[in-house]
There are 2 protein chains.
Amino acid sequence: MSRLAAAPTVHDVAQLAGVSAGTVSKALNGRGQLREETRKRVQVAAEQLGFRANRLAKGLIEGRTYTVGVLTSDSFGRFTMPLMNGIEDSLGAGSVSTLLCDSRGDPLRERHYLAELLGRRVDGIFVTGRRADPRPSLGPLPVPVVYAMSRSEDPLDLSIVYDDVQGAGLATSHLLAVGRKRIAYVSGPARHLSTRLRQEGTERTLLAAGLSLPPARVLLGEWSESWGRSAAHLLLGSAERVDGIVCGSDQIARGVADELREAGVDVPGEVSLVGFDNWDVMVEASRPQLTTVEPNLKKLGQLAANRLLHAIDGGELGSGLVLLPCDLVLRQSSMPSGP
Amino acid sequence: MSRLAAAPTVHDVAQLAGVSAGTVSKALNGRGQLREETRKRVQVAAEQLGFRANRLAKGLIEGRTYTVGVLTSDSFGRFTMPLMNGIEDSLGAGSVSTLLCDSRGDPLRERHYLAELLGRRVDGIFVTGRRADPRPSLGPLPVPVVYAMSRSEDPLDLSIVYDDVQGAGLATSHLLAVGRKRIAYVSGPARHLSTRLRQEGTERTLLAAGLSLPPARVLLGEWSESWGRSAAHLLLGSAERVDGIVCGSDQIARGVADELREAGVDVPGEVSLVGFDNWDVMVEASRPQLTTVEPNLKKLGQLAANRLLHAIDGGELGSGLVLLPCDLVLRQSSMPSGP
DNA sequence: GTAACACCGGAAATCGATTTCCTGATTTTC
DNA sequence: GAAAATCAGGAAATCGATTTCCGGTGTTAC
């Protein structure tokens, strides 16, 4: 790759066009009163030199940088990706760029990155992470902060998350709707908030329908296929047969599906299965393909970005916890009568 | 979240400390000759106001921003993640931040982001993407560019990629080493460079061992488990039985493993299997767990970042294609005599 | 023919941090 | 005690783009 000379400045353009630096700025930004001929001449000169206004200088004057920071604790994992996409959707329109910082769960590193972002005078900050559990607040900052797919411990912060309870409720309602009555819940570690919330959603929905979720039908372990297989094995071994399973993740659901199939249990004929996350790789490779809860992370990102942009433009940011509803995506694993 | 007042400047600190702005700068940066008492006084004042130097102003003077851009065509997918981690490892030390831009494979969007990055006067740019196939060069730019995990069509650009041929060679050698002789290659679409390179690596290694890779043992389809299952089914139906399979991805390998197991073929007893990518989710959930090729993406990111930093500091960037060797990770799927 | 006015475009200030230059003040040296 | 050297810190220029203010030219009106 050949290197070009240093980037040209307004002065270079001014010289070439035979005008002053101020005039260049006016010509290129459609401000001031200039003859059409002059404007054209400047534009041609700018084009010729490949001139591009230095955003730093602009930012210094304007007092804003059109840059936001994203602080994540999740090495850009699978959940952060769709979120980032949503954020970019909303920011891109205003040509706001994102500085990505991955603290990898280390509070020290996070503080360092925060200082870095503030030094760069970002217009706002997103905080996100892999875990849904409440995290310490960054505290009061000179710029607006939105916690997306992540909750701040401080209720004065604005946290936007998807609704685990409602999502699990959707899954459960669906199982009830296809005629299932003895529902089990197989999920991740009990210490994870997501696990508990999704259990709550499942349980509440069952209670509302006059059914229950007895402890024997709650199996908590890890977020892995291997645990899904073990849990399914346990369920098969118990006296009472279940006919529907709400899984805490698609990975778990797939493990359950594999184990049931290999044990000769028909899914969805005998047992209906619902996953959580709508992770394409799992959902599509599973046999049968998984009905699952879609957490709408992209939409969450868009919403978070819109709220942040609004606050950057001087609007009210708001505070508290905002819950975004999940959707249900229907596939074969849950529907005994076919999709 | 409560909002703090606008960020304090050197002048605010200067006023509080009863000195001039220039003195504040000197005191905080350890430059100039100041009495220790004065230096201390300024530091206290800065601390009190929570002063943090505006990087924009600094960048304007220094002529560099300590910011690099990452242009990706891969919505921050699974391959970009470990790469980014490696990049951050190397950049973090120099407190260089990354502006992440996702063109989503759209050339128009890419041009827009490139203009944005140049306007922000980034010190350098990484270009990366999901596909290994050669991509158009960004052309000569005022800043150094490294194509990482992605090849530029222009040999004057510096492209750093992992070595598909060598990686597949490793896999094949390993199969030979455990006594396999009739090797098949199951992989993704033929139009993908990766598919062809990995085939080449497999074939070359076989030829070097006096064996061959007949067309009947090359099955190209998609990068999915489902294709892996289909391909395994095809292999089972053919007259001649294979005893080793090099798979173009872990997803494919897992599909193959599932199909073989369900057909009653013992893996690794009768057939040895090697995947590619070392994608934890696939590798660990597979039964048996997959021996696979590790493309060392994190290391690739570190190397790319070091090369870029060196060029930013005025060193030579270099050009051409740099191939980074892959490693082999041994697990059960390939070893008939146990690991 | 002169006053009033619109019209162009340049000079200079601005943003915030840094750095060079320079001026007093203090100390050292013979 | 005078000259020289050292020290401390302020004033101003600098980076690049923008914007305000203002002066000069050309045009219109009476």
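In the predicted model, B:Pro288 is situated in the loop that connects α11 (280-285) and β10 (291-294) of chain B. The peptide bond between B:Arg287 and B:Pro288 is cis, with omega about -5°. A cis bond also links A:Val267 to A:Pro268, where omega is near 10°. A:Pro268 is placed in the loop between α10 (250-262) and β9 (272-276) of chain A. Most peptide bonds are trans, and most residues other than glycine have a negative phi.

Positive phi values occur at two non-glycine positions of chain A, discussed in turn. A:Arg121, with phi about 55°, belongs to the loop between α6 (107-119) and β3 (124-128) of chain A. Its relative accessible area is 19%, so A:Arg121 is buried. A:Asp277 has phi about 125° and lies in the loop between β9 and α11 (280-285) of chain A. A:Asp277 is likewise buried, at 12% relative accessibility.

DNA strand C is surrounded by 26 residues, the closest being A:Thr23, A:Arg35, A:Thr38, B:Val10 and B:Lys58. At a base oxygen, the distance to a side-chain N or O atom of A:Lys26 is 2.8 Å. Two or more residues of this surface come from each of α2 (21-29) and α4 (55-62) in chain A and α2 (21-29) and α4 (55-62) in chain B. The largest contribution, five residues, is that of α2(B). By class, the surface comprises 10 nonpolar, 10 polar and six charged residues.

Note on methods:
Residues numbered from 1 in each chain as written. Chains lettered and ligands numbered in written order. Predicted model: local features only at pLDDT ≥ 70, side-chain atom pairs only at ≥ 80, totals over all residues. Heavy atoms only, no water. Near = heavy atom within 4 Å. Polar contact = N/O pair within 3.5 Å; in protein donor to acceptor, adjacent residues only side chain to side chain. Helix = DSSP H or I, 4+ residues; strand = E, 2+ residues; numbered from the N terminus. Nonpolar A, V, L, I, M, F, W, Y, C, P; charged D, E, K, R; others polar. Buried < 20%, exposed > 50% of the residue type's maximum accessible area, 1.4 Å probe, protein only.
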